[in-house]
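Welcome! Let's take a friendly look at some side-chain packing and ring geometry.

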Amino acid sequence: MSSNSFAYNENSGGGEATELGQDATSAISNSGALGLFSSDLKKNEDLKQMLESNKDSAKLDAMKRIVGMIAKGKNASELFPAVVKNVASKNIEIKKLVYVYLVRYAEEQQDLALLSISTFQRALKDPNQLIRASALRVLSSIRVPIIVPIMMLAIKEASADLSPYVRKNAAHAIQKLYSLDPEQKEMLIEVIEKLLKDKSTLVAGSVVMAFEEVCPDRIDLIHKNYRKLCNLLVDVEEWGQVVIIHMLTRYARTQFVSPWKEDDGLEDNEKNFYESDEEQKEKADKRKKPYTMDPDHRLLIRNTKPLLQSRNAAVVMAVAQLYWHISPKSEAGIISKSLVRLLRSSREVQYIVLQNIATMSIQRKGMFEPYLKSFYVRSTDPTMIKTLKLEILTNLANEANISTLLREFQTYVKSQDKQFAAATIQTIGRCATNILEVTDTCLNGLVCLLSNKDEIVVAESVVVIKKLLQMQPAQHGEIIKHMAKLLDSITVPVARASILWLIGENCERVPIIAPDVLRKMAKSFTNEDDLVKLQILNLGAKLYLTNSKQTKLLTQYILNLGKYDQNYDIRDRTRFIRQLIVPNEKSGALSKYAKKIFLAQKPAPLLESPFKDRDHFQLGTLSHTLNTKATGYMELSNWPEVAPDPSVRNVEVIELAKEWTPSGKAKKEKPAKKFYSESEEEEDSSDSSSDSESESDSGSGEQGEEGDSEDSSEDSSESESGSESEVENKGKDKRNSKTKGRGDSEDGETENEKSETSDSSSGESSSIEDSSSESESKSESESKSRKVTKEKETKIKQDRNLVTKDVSLLDLDDFNPVSVPIARPTPALSSSLIADLEGLNLSTSSSIINVSTPVFVPMKTQVLLHRMSGKGLAAHYFFSRQPCIFGDKMVSVQVTLNNTTDRKIENIHIGEKKLPTGMEMHVFNPIARLWNHKKNKILPKPVWLSG
């Protein structure tokens with residue numbers, strides 16, 4: 001707009017202001033810059049029209065655009081009335097997006113949101129879990145005290161919802177309701193206690209967050225759920241893991257004894273004066289007791305260890321602080337590698353991690369010494385990262401690696417980043433203070449830096465040298481003389497003040513140079529910085545006391561200049577020094593001790609790490625980063641002297657069973673005794689496959705006849721109902737054939753092969769392995785219920801044959817005669833067939849082949865050779881469950897060949913053999929010719945496989 005108006009000014013002059021404004025406005029509107037004015041008035045009109053449209057597609061498109069605006073940070077609050085009208089839309093996609101919008105703006109537009117509160121309440125009973133959860137989120141986002149009872153009722157209902165996603169949102173709503181009305185705390189704690197028992201990993205992190213917000217001091221709520229939380233931790237979402245780990249860290253510090261006790265035993269060696277021998281003996285006995293870690297303490301440490309490899313830096317940092325605060329010192333070293341790995345992350349993550357490493361490296365240097373090179377500074381690092389790495393390198397410095405570090409520091413001093421170079425010089429000074437072997441080397445290096453062209457480097461060197469010289473000033477008179485000459489060139493106030501302080505402290509060692517320095521300073525006194533003026537006054541006072549003949553007049557001149565200085569600190573210092581050193585009638589008693597006051601021996605400065613005082617904050621917290629207590633920070637408690645009762649964490653099995661049982665259904669109780677001898681297992685396990693089919697499908701397995709023995713009554717009823725319900729549940733048997741197990745018995749191998757082949761026909765070999773244990777347990781329980789012994793073996797086999805004969809009458813067309821196989825193993829299997837056969841275990845100790853009447857076999861076939869790949873020849877296969885008379889380790893596979901072309905196919909046989917190691921195959925005779933299946937039907941050909 002401005003550019004257009006300026007152009008108009010140049011063309012037509014500035015005399016007619018009114019016409020200019022009108023013409024400029026019209027020019028703008030005509031030139032296409034309409035968006036600057038009228039777009040504000042008609043902003044989002046198209047979106048409002050789309051939202052009022054009768055078409056769901058237009059509304060959905062409008063909502064997508066609105067949510068996109070919110071994601072970009074644009075304000076879409078003026079669309080609230082138009083959006084809230086669609087809250088009752090029948091289109092689920094529109095409703096989801098409307099709820100996303102309402103969650104964002106419900107707090108700002110409370111009055112309009114309240115108009116739709118009945119719709120939200122209805123949505124809480126919507127069959128779609130996402131709608132129920134979104135309605136609860138919107139309801140909890142309307143921060144109006146009047147709807148607190150409605151929110152409380154909604155949270156209670158949602159906490160018992162079948163969907164874990166809705167329960168998760170109920171946990172989120174607890175925190176919002178608590179911040180709105182803290183008086184609801186007791187009722188919310190009941191909901192939290194209920195949700196803490198939830199077994200879903202989706203809910204765990206959210207409910208612990210609600211616990212931390214509402215009642216972090218109610219540790220008793222965690223006792224029963226402690227082990228469950230430890231075991232679920234690996235599967236919880238990443239941000240839930242962070243919250244749970246921090247909570248469990250606080251819990252561990254209150255419930256377990258310190259694992260560091262063996263390190264602290266040396267402190268109690270001194271005997272108190274009034275302590276009796278018996279008390280001392282008791283203490284000695286306590287110290288002699290070896291430390292044994294609580295199993296629950298070990299459970300927490302063990303279950304958090306895998307999370308050190310998490311991709312989320314916050315999770316790794318949380319586990320690191322847990323190990324630092326609650327694990328034995330000998331085990332805390334494993335966190336160092338994970339923390340060093342985080343240094344490859346973004347600079348923000350590096351900053352936090354390096355701060356925590358800096359704190360750790362002060363107390364336990366050995367943890368990070370192997371990774372010393374990981375803390376070397378890179379040229380691309382920002383200054384804050386460089387400074388932290390320098391801090392860590394200083395903490396890790398020792399006699400072994402100091403020479404390497406000093407060479408590294410020499411490079412850093414030449415850096416273009418002057419702030420970093422100055423920090424490096426301070427680091428060299430700290431190394432010289434901490435390691436006496438290199439003090440002289442560091443001092444000589446710093447003196448060499450005094451000739452550097454960069455003034456900041458020189459100034460920082462002067463400050464550090466001044467601190468080092470305070471440690472042994474008598475030996476370095478030459479350095480002081482050299483620094484005095486630098487006063488003409490150095491302009492940095494801190495450096496000039498440091499040189500003047502050094503000369504004043506050592507004025508008796510440099511009696512010739514000191515008065516001359518005072519003379520030069522007197523000339524430039526009025527132009528100096530306040531910090532330098534104060535040191536000039538101090539230097540004059542010291543020289544007046546030690547060499548008054550040469551410096552009396554100079555000192556009086558400087559005192560007169562300071563008397564009228566603009567800075568009141570300098571004026572006060574001047575009056576104080578004059579009264580103290582210049583004798584007169586008003587001089588007090590202190591004048592006699594002026595020399596002792598000014599020339600007293602000053603203690604050498606202690607160069608400490610700025611992170612030394614941060615260890616009392618919990619690592620990884622905001623308070624640790626800021627080095628000040630932040631709002632909401634909860635301090636870690638000290639270890640208890642005696643561990644509280646660990647039995648509070650025990651959970652009774654009955655309670656667990658009740659929790660897992662769905663509402664309205666009785667929990668099936670399993671017999672207590674589960675293990676039997678191998679002989680019983682082998683004798684009757686052949687019945688397990690047929691009975692387990694019916695047991696896995698029928699729900700009436702618990703309602704059979706009652707036996708004489710209480711132990712066997714339930715199992716006997718299951719076996720009877722298994723045979724009786726097989727006809728009723730034929731369809732269920734077909735659907736659940738994938739989950740049928742296989743037995744590992746010897747005598748019942750044939751029956752087991754039948755169940756295995758049914759499993760393999762589904763193409764999922766993994767289900768065979770998963771269900772094997774279930775089948776074995778069923779065969780064991782059946783053997784117990786029938787009380788099988790060797791004397792009754794014949795009778796049991798007769799019963800089994802009767803059952804199988806009854807079943808075989810269901811569908812006689814499903815059975816095929818046993819064909820004689822060819823002994824020549826030259827097969828070629830498809831990958832799908834090989835996959836079906838993998839995992840089958842037909843090992844047996846008996847070489848006798850048991851031939852029995854075939855049972856009902858599902859006729860579901862798998863493609864072995866597609867007609868396109870076989871150029872018209874199609875092959876299908878299925879496991880016939882027929883006993884193999886050729887070998888005791890063979891499985892029967894029935895292959896059906898079809899000719900889908902109009903011409904005959906000749907010499908059909910299995911060619912190249914591609915079998916896994918250890919697998920054998922006996923195949924059918926070659927087929928001379930095969931016509932179209934409508935003209936010439938070929939009977940299915942059996943193939944026997946072993947592996």
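Over the ring of which residue does the charged end of Arg 104 sit? That ring belongs to Tyr 105, and the charged end of Arg 104 is 4.5 Å from its centre. Please keep in mind that this is a predicted model. Tyr 105 also takes part in a cluster, where ring pairs link it with Phe 80 and Tyr 101. Elsewhere, Arg 364 lies over the face of Trp 324, at 4.0 Å from the ring centre.

Now to the aromatic pairs: a search of the whole structure finds 12 of them. Here are two, with their geometry:

| Aromatic pair | Centre to centre | Angle between planes | Type |
|---|---|---|---|
| Tyr 99 and Phe 120 | 6.1 Å | 55° | tilted |
| Tyr 412 and Phe 420 | 5.3 Å | 45° | tilted |

Tyr 99 belongs to helix H7 (residues 92–105) and Phe 120 to helix H9 (residues 117–123), so their pairing ties together parts that are 21 residues apart in sequence.

Leu 339 has a relative accessible area of 0%, so it counts as buried. Beyond its neighbours within four places in sequence, Leu 339 is in contact with Met 317, Ala 320, Val 353, Ile 357, Met 360 and Phe 368.

Note on methods:
Residues are numbered from 1 along each chain as its sequence is written. This is a predicted model: local features need pLDDT of at least 70, side-chain atom pairs count only at pLDDT 80 or more; totals for chains, interfaces and linings use all residues. Side-chain values use heavy atoms; hydrogens and water are left out. Buried means under 20% relative accessible area, exposed over 50%, partly exposed in between (1.4 Å probe, protein chains only). Contact means heavy atoms within 4.5 Å. Rings of Phe, Tyr and Trp (its six-membered ring) pair if their centres lie within 6.5 Å; planes under 30 degrees apart count as stacked, over 60 as edge-to-face and the rest as tilted. Helices (H or I, at least four residues) and strands (E, at least two) are DSSP runs, numbered from the N terminus. A charge sits over a ring if NZ of Lys or CZ of Arg is within 6 Å of the ring centre and within 35 degrees of the ring normal.
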